[in-house]
Amino acid sequence: MSIARSRGAIRPRGCCEPEVMTPNARRGRLDRLLDASVFFSFDRGGYVRHAAAFDPDDLAVDLTGRVCLVTGANSGIGFETCTSLARLGATVWMLCRDRNRGKVALRELRRLTGSRRAHLGLLDVADPRSVRSFSSAFAAARVDVLVHNAGVLPAKRIVSGDGHELTLATHVLGPWRLTKALLPKLRSSADPRVIFVSSGGMYTQRLSLDDVAWQRRPYDGVKAYAQTKRMQVVLASELAPDLPRGTVSAMHPGWADTAAVRTSLPRFWSAMRNRLRTPAEGADTVVWLAASDAARGRSGRFWFDRVPRSPHLLPWTRESSAERAALRAFCERHAEGGVTRPRAA
């Protein structure tokens, strides 16, 4: 055994020597500690740290000829996603529920980007009739990118037109309907991509179909939102086999300063407003998933700041394969409506 002499003492070499860490190793350890805190990961500081490792060539792409559809596109992350895709040359369809707000957003996008390949489509993703009307009338021969971004966080229980609780209708059943309706056009693409914009709030919830209508328990809008965002993450992996040549992904944008956060979570916004990401920073991974070669083919994964992440921070949130299958069966059974209408709130 080799030995080393230190101040007259003999000791085995290496057994007690201090660890020497390179600057990169120290940064890596610090990043892991900060990310584990969540607070210093989901905020703007987390984005700045993570963005330092981004490859700028990932988005040095020309999307001319690619047809991209984004729901909830008139503001926030949806608008920033459309703007970035338009700047990369894509044909962008801004899918909005409100015609007037959609027109304003379209004018602004064209002003910012100079693109004349941006269009407005009217769609209320929570309404099966609206989904059927839009998908049947959509004339493009193919769809290359479909981004499910539309979201709601109601303060009280609201029932959609076909009898479902509104967050479920908007975040789960509507995206399922729209994806299924557009599957033939997605399959016509050489590189189809479907992206669910989930939320870090889903980490607090496990997949459950118990009382999804919120009939037997007091309504909690934040919990309903988080539960349906968990469902979106599961749906991304469940839908991946339906698009074998494509890429189906879910992501979460971190804590971004959007109008929805300001109105739906005013206390959170007030406490965190100086640490929130910009909408463009929140949209970065959506754009990366939609456009980069680096994301192609990595289907069924959950992403945050361009890195695949575990969808479970807490062990009790893990779902079984039977629960995943039950969610798919639920969507298949209810996506076209026909539900027994729940009692009014």
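A: The account below begins with the nonpolar core and then turns to the aromatic residues. The model is a predicted one.

The largest nonpolar core contains 40 residues, and the members that touch the most others in it are Leu69, Leu146, Leu186, Phe196 and Val248. Among the elements that give two or more residues to this core are strand S3 (67–71), helix H6 (128–137), helix H7 (166–187), strand S7 (193–197), helix H8 (221–239) and strand S8 (247–251). Helix H7 provides the largest share, eight residues. In general, nonpolar side chains tend to be buried together in soluble globular proteins.

Leaving aside residues up to four places away in sequence, Phe196 touches His148, Pro175, Gln232, Leu235, Ala236, Leu239, Val248, Ser249, Ala250 and Met251. Another core, of 33 residues, lies apart from the largest one and has Ile77, Phe79, Ala118 and Ala290 among its members.

The aromatic rings come next. Ten aromatic pairs are found in a search of the whole structure. In one of them, the ring centres of Tyr47 and Phe54 are 5.9 Å apart and the planes stand at 75°, so this pair is edge-to-face. Tyr47 is buried at 13% relative accessibility, and Phe54 is buried at 17%. Trp93 and Phe138 also form an edge-to-face pair, with 5.2 Å from centre to centre and 80° between the planes. Because Trp93 belongs to strand S4 (residues 91–96) and Phe138 to the loop between H6 and strand S6 (145–148), this pair ties together parts that are 45 residues apart in sequence. Trp93 is partly exposed, with a relative accessible area of 21%, whereas Phe138 is buried at 6%. An aromatic cluster is formed by Phe42, Tyr203, Trp255, Phe268, Phe302 and Phe304.

Two arginines are placed over tryptophan rings. The charged end of Arg217 sits over the ring of Trp214, 3.4 Å from its centre, and Arg273 lies over the face of Trp269, at 5.7 Å from the ring centre.

Trp214 counts as buried because its relative accessibility is 5%, under the 20% cut-off. Asp305, likewise not a glycine, has a positive phi of about 50°. Asp305 is found in the loop between S9 and strand S10 (307–308) and is buried, with a relative accessible area of 3%.

Note on methods: Residues numbered from 1 in each chain as written. Predicted model: local features only at pLDDT ≥ 70, side-chain atom pairs only at ≥ 80, totals over all residues. Heavy atoms only, no water. Core = buried A, V, L, I, M, F, W, Y, C linked by side-chain atoms within 4.5 Å. Buried < 20%, exposed > 50% of the residue type's maximum accessible area, 1.4 Å probe, protein only. Helix = DSSP H or I, 4+ residues; strand = E, 2+ residues; numbered from the N terminus. Contact = heavy atoms within 4.5 Å. Phe/Tyr/Trp six-rings, centres within 6.5 Å; stacked < 30°, edge-to-face > 60°. Lys NZ or Arg CZ within 6 Å of the ring centre and 35° of its normal.
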